[in-house]
Amino acid sequence: METLMILLIGVLIAVATYLILSKNLIRVILGTAVLSHAVHLLILTIAGVKKGNVPLLKEADAPYTDALPQALILTAIVISFAVTAFVLVLAYRTYQSNGIDDLDGLRGPENE
Amino acid sequence: MNNIVVLPLILPIMLGVLLVFLRPYVKTQRVISLLTMAAIAVVSMIMLGRIQEDGIMRIDFGGWKPPFGILFVADSFAVLLVLTTSIVTAICLLYAFSSIGEKRENMFFYPFVLLLVAGVNGSFLTGDIFNLFVCFEVMLLASYVLITLGGEKAQLRESLKYVLINVLASWFFLVALAYLYGTLGTLNMAHLAERVAEAGQDPILTTIALLFLVVFALKAGLLLFFWLPGSYSVPPTVVAALFGALLTKVGIYALFRMFTLIFIHQPEVTHLLINGMAGVTIFAGCLGALAYKDVRQIVAYNVVIAVGFVLIGLGVSTEAALQGAIYYLMHDMIAKAMLFLLAGTMIYLTGEKRFDKMSGLIRNYPMFGWMFFIVMVSLAGIPPLSGFVGKVLIGQGLIETSSYVLLALAFISSVVVLYSLLRIFLNAIFGETIISIEDEKPLPKGMLAPIVLFAICTIALGFGAEGLSSYVSDAANTLANPSIYIDAVLSGK
């Protein structure tokens, strides 16, 4: 299972890298979103997938699964959700006022 | 009762949220945000006093004993930075009152400044590395908003790059965290330090350390500073001043924590690399500071030089160098904020961005001209101003470890800093005035007063270095002997 997940993470990161390296803004943003999914899976996998029972004292017997990675992932998901939403709005505003959704066109002072 | 430790985080967050609801009442917003900063300054002074008496303070949230819960740890280093942050922010807010404009004030400028400060203070105080990530994100999200607020063309263009590079850096942070948790099974910084010491820093851990180095180097502008000059020269003056004073310093703080507490067992790899990166950073920063005629670019490259300079102190890690780095960090927060304000005010007064198109400002605004002189001398490290102490102590550390190349580089950089600012001074401040009396824009008192306050701060920090020395030497002592920090967190009292 872990091996499969690691392979999946590799694929996701490859896809995300491809997207981030493209010039279109929306693709770059989608790339960062995919990238964040990859790292969430990485946290889950690296801490070990299902090594024991549900971590509820008295309700289940030891050994328990480590619940911390899931808490970390939850936090990270919320953050990446907020950031992605913000970047999407920012990209839209940039497109509105600069008329460009292409990173080449956002180079710098020469184009002002 | 250590609840006081959480105040520097909780106060700005709660009041920042409150201010969102007070949107139409700009005056109230101003007063509340200023009072918050003053309150944090007072709180951190009280904390400094108590750390001197009782040692490092900590608070375990929800009563979960370390290493299981999240905790805040206040040692002298962190609290000194919290104190400087609150003073710098308060003075910047004063400048904002007269310069930021109604448009931005109505669009939640003050709440976001408070949230930015909350993130910065949280990053300084936290004792849990995942919590550090969260506080970083709080700070970054607030900074994303502040840098885009106003929505001018150039602003949007540069902020998009700033946001994307930071999203990527945060991603690397998470990857490093995942590997760290997978290897050591803990996230509490003191516990991490203990486990690394027990297990020895094997190549895997060193690799993880290097990954953290990349992450924080991106945030601090150490070597990977390519994003910095662009994004620091587009937002309004006061936002640029806040960024220049606070944001890179948080990255530097994180580097100090990581490489004085946790990853200290392979200095021939990690610390050597930091030294090398810092050296290249100084060199490149100097080139940048000399290459441009745009005042804001020069100022931004001066930030880069300072980052390199402070991190040389971390690279050699003797106690004197660490003390010097702490002094220099505090000095740099004040002086860089002042420099950004001065540069912004020059642009406001003349309407020009290039210093060769300005001239003779000192004749129209004598006080302003002398303020520029003070910050120039202070940044060059001339006694008795605040840059001197830090430079001497870092230099002492470099001599102790006989790193003469870095020593030469560091002190030549001081000359370059002086030269880059002297060019502005001679061209724009001295010389024949080209502004006629009729065209002369009045310099609002609200803009000059904060600059004077910063000048007083830098003079006070220079003369009062002796008074601060007990706190700074305690901070450096804790950094040099990580066991103090580890015991304070894990002794379980």
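A:D104 is partly exposed, with a relative accessible area of 33% (buried means under 20%, exposed over 50% and partly exposed in between, with a 1.4 Å probe and protein chains only). The structure is a predicted model in which local features need pLDDT of at least 70 and side-chain atom pairs count only at pLDDT 80 or more, while totals for chains, interfaces and linings use all residues. Residues are numbered from 1 along each chain as its sequence is written, chains are lettered from A and ligands numbered from 1 in the order in which they are written, and side-chain values use heavy atoms, with hydrogens and water left out.

The partner of A:D104 is A:K23, which it meets in a salt bridge of 3.0 Å, N to O (a side-chain nitrogen of Lys or Arg within 4 Å of a carboxyl oxygen of Asp or Glu). This pair links distant parts of chain A: A:D104 sits in the segment after α3 (68-98), A:K23 in the loop between α1 (2-20) and α2 (25-46), 81 residues apart. Helices here are DSSP runs (H or I, at least four residues), as are strands (E, at least two), numbered from the N terminus. A:K23 is also partly exposed, at 46% relative accessible area.

Over all chains there are 10 salt bridges. In chain B, B:D60 and B:R58 form one of them, with the closest N and O atoms 2.9 Å apart, and both residues are buried. The salt bridge of B:D356 and B:R354 comes to 3.1 Å, N to O; here B:D356 is partly exposed at 35%, and B:R354 is partly exposed at 37%. Salt bridges with shared partners also join B:R157, B:E158 and B:K161 into one network.

The structure holds 31 aromatic pairs over all chains (rings of Phe, Tyr and Trp, the last by its six-membered ring, with centres within 6.5 Å; planes under 30 degrees apart are stacked, over 60 edge-to-face and the rest tilted). B:F124 and B:Y253 make an edge-to-face pair, 5.1 Å centre to centre with 75 degrees between the planes. They bring together helix α5 (residues 109-125) and helix α11 (residues 237-262) of chain B, the two residues being 129 apart. Both B:F124 and B:Y253 are buried. The ring centres of B:F225 and B:Y301 are 6.3 Å apart and their planes stand at 85 degrees, so this pair is edge-to-face too. B:F225 lies in the loop between α9 (203-220) and α10 (228-232) of chain B and B:Y301 in helix α13 (residues 295-316), so the pair ties together parts 76 residues apart in sequence. B:F225 and B:Y301 are both buried.

B:F373 lies in helix α16 of chain B and is partly exposed, at 34%. Just after α18(B), B:G431 takes a positive phi of about 90 degrees.
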